[in-house]
Amino acid sequence: MGVVYRAILIAVDVPPANSDEGTAGLAALHIGEGRDWPTFFYGQDYMGTFYSYLAAPLVQVFGTHWWTLRLPALVMYAVFLLLVFRLTRTLYSSWFAVFVTGVLAFGSDRVVKDQIIGAGGYSDVATAVAGLMLASALLVLRPEKPRTMLVVWGGLAGYIVWTHWLALPYVAAAVLLVAWVGRAGMTLRRVSLAVCGFLLGAAPLIVFNLRLDRPDSFSVLLSLSGATEPAAWSDRLHGAVLVGLPLSSGLCAPSHCATWQLWWGPTYLVLLVAATAVAVAAFRRADGGERRVHAGRLALVAGAAMTLAAYVASSSSAMTPVESARYLHYGLVSLPAVLWPLWVGAASVVARVGSGTSGDHGGIRRRVTGPSLGGAFLAAGCIALAGAFFVGLSVATGQLIAHRSDYAAQADDEQRLVDGLRTAGVSHVYSGYWTCNRLAYRSREQVRCAVLDEDLSPGLDRYRPYRDQVRGSARVAYVLPSSGAMSVNFARSTQALGVDVVSRYELGGYDVYLCRQRPERG
């Protein structure tokens, strides 16, 4: 049902595309045509382009549609579900794995954007993280696994390092788990296999950074992290915990969290602490294989905790909490660890009411002769929380579905704009960042766009050749959002811009100014 739901959304262009997705689409188009083989997405020296390589043949066969670019993400989501199911079954139980998969089938606006928008770096990396944690669990629980598993494990870690460093907390957790728990079986040969796999997965990153004519990826990413920018810690905690966790977990409406939807943030922290306490207590009591199971659970908790801590340390959590909540997307891999205390609290008492039998729940073995009053309250509280969580997921998913008509209108406006520019024979335009690469991809580069900031100064061109091409064209169009300040600024800046306005009309929510550029501008 989760896959079918997302397939329907992709078919109706929900959620709407953004310019980052357009950049990934341009990379896929150029790869498919054999024009370029980028290591990173255009305009940046981080975030690997493997996703665009996956999409390249589809774009060549089916054309530059958004659904074409999103098909690999849909497949990635299906694989992600299978991996998380297997991971949960390995470290917890089969029915709990079914429960977690049911949770992941829901899809609010923020969650769906991260899972099916074809911009790369989220759907593919989340799947790699799930695969890495599963491979880590299998390596420590079943040391007799073929040595090829070590190559796969290293390759996934290397791929994550190449593609998106936001998932590094899970790489660290996986390395600590395998190195510490499985250290007895780590011969030099096995370590060498893991290192070889890592070097293979990270090879594009390594080769890129061996070039001396550009900044290294580490320096670029550190400068963009925002960790050194001023922001009050109270604002960071509010943006990360009260806004980021509900958004990234799937409990909020499109681009907005209502006050009643913020309860999940503090609850998440309490459950994370409870999961840590249960796993640590069980780890200390257990031995052999059970001890390794609880170590695997602790690795999931550590991955989630380090991801949240890194997000709090970034000023993005305070300055752009709604949009930047996507940085917590990989935390869905740790959802089994977070939800496990709820499952244990609800099931331990309910399953043994009056049975007088002993059982192992969460790794703590005890005998129960009947449900105590405290135990009954605990079970009722856990069931109520689980119910509230499912209600929240259902409401947020419904809010996205209800918002579909607004998103569909945006998709229609984009299509009218592309068709109108083609009909008018306009091939070179100026527009804002969030419009430019969408136009270039959807038109299959029949429309090429240079980016302007709101004050009409040159903006961030992710694909730099477009700026020179637009600047050198005698006939251009300024495609400016009707509702923004850019169109107002343009009306009083034509002289400074060096253009003569030939005509103006409205199209798809934009004011389109057809202009002649004066020779000196070129």
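Trainee: In this predicted model, which residues are linked with Arg444 in a network of salt bridges?

Mentor: The model is predicted, and side-chain atom pairs count only at pLDDT 80 or more. A salt bridge needs a side-chain nitrogen of Lys or Arg within 4 Å of a carboxyl oxygen of Asp or Glu. Linked with Arg444 in the network are Glu33, Arg35 and Glu445.

Trainee: How many salt bridges does the structure hold?

Mentor: Side chains of opposite charge can pair when their charged atoms come close. For the structure, the number of salt bridges is 16.

Trainee: By about how much of the helix are Asp114 and Arg110 separated?

Mentor: The side chains of Asp114 and Arg110 meet in a salt bridge with an N to O distance of 2.9 Å. Asp114 is buried at a relative accessible area of 4%, and Arg110 is buried at 8%. Because the two are four residues apart in helix α6 (residues 109-116), their separation is about one helical turn.

Trainee: Which helices does the salt bridge of Glu414 and Arg438 link, and how many residues apart are the two?

Mentor: The side chains of Glu414 and Arg438 meet at 2.5 Å, N to O. This pair links distant parts of the chain, with Glu414 in helix α19 (residues 404-423) and Arg438 in helix α20 (residues 433-442); the two are 24 residues apart.

Trainee: Are Glu414 and Arg438 buried or exposed?

Mentor: Buried means under 20% relative accessible area, and exposed means over 50%. By that cut-off, both Glu414 and Arg438 are buried.

Trainee: Arg504 and Asp511 meet in a salt bridge; which of its residues is buried?

Mentor: The N to O distance of this salt bridge is 3.1 Å. Arg504 has 44% relative accessibility and therefore counts as partly exposed. At a relative accessible area of 5%, the buried residue is Asp511.

Trainee: Why is strand β5 largely enclosed by the rest of the structure?

Mentor: Strand β5 covers residues 475-481, which are seven residues. It is largely enclosed because the number of these that are buried is five.

Trainee: In β7, what is the bridge partner of Val476?

Mentor: β5 is joined to strand β7 (residues 510-517) by seven bridges, and the two run antiparallel. β5 also pairs with strand β3 (residues 428-431), in the parallel sense and over two bridges; there Tyr430 has Tyr478 of β5 as its bridge partner. For Val476, the partner in β7 is Cys515.

Trainee: How many residues apart in sequence are the parts tied together by Phe50 and Tyr159?

Mentor: A search of the whole structure finds 26 aromatic pairs. In the pair of Phe50 and Tyr159, the ring centres are 5.5 Å apart and the planes are at 80°, so the pair is edge-to-face. Phe50 lies in helix α3 (residues 50-62) and Tyr159 in helix α8 (residues 148-163), so the parts tied together are apart in sequence by 109 residues.

Trainee: What is the relative accessible area of Tyr159?

Mentor: Phe50 is partly exposed, at 32%. Tyr159 is buried, and its relative accessible area is 12%.

Trainee: What is the angle between the planes of Trp263 and Trp264?

Mentor: Trp263 is partly exposed at 25%, whereas Trp264 counts as buried at 1% relative accessibility. Planes over 60 degrees apart count as edge-to-face. Trp263 and Trp264 form such an edge-to-face pair, 5.7 Å centre to centre, and the angle is 80°.

Trainee: Which residues form one aromatic cluster with Tyr92?

Mentor: Rings pair if their centres lie within 6.5 Å. The residues in one cluster with Tyr92 are Phe96, Phe99, Phe106, Trp340, Trp343 and Phe390.

Trainee: How far from the centre of the ring of Phe283 is the charged end of Arg291?

Mentor: The charged end of Arg236 sits over the ring of Trp233, 4.7 Å from its centre. For Arg291, which sits over the ring of Phe283, the distance from the centre is 4.0 Å.

Trainee: Which helix supplies the largest share of the nonpolar patch?

Mentor: Val191, Val195, Leu199, Ile206 and Leu210 make this surface patch of about 420 Å². Helices α10 (188-201) and α11 (203-210) each supply at least two of its residues. Leu199, partly exposed at 42%, is found in α10. The largest share, three residues, comes from α10.

Methods. Residues numbered from 1 in each chain as written. Predicted model: local features only at pLDDT ≥ 70, side-chain atom pairs only at ≥ 80, totals over all residues. Heavy atoms only, no water. Patch = residues over 30% accessible without salt bridge, like charges linked within 9 Å, V, L, I, M, F, W, Y side chains within 5 Å. Areas by Shrake-Rupley, 256 points an atom, 1.4 Å probe, with all protein chains shown as cover. Buried < 20%, exposed > 50% of the residue type's maximum accessible area, 1.4 Å probe, protein only. Phe/Tyr/Trp six-rings, centres within 6.5 Å; stacked < 30°, edge-to-face > 60°. Lys NZ or Arg CZ within 6 Å of the ring centre and 35° of its normal. Pairing = 2+ DSSP bridges.
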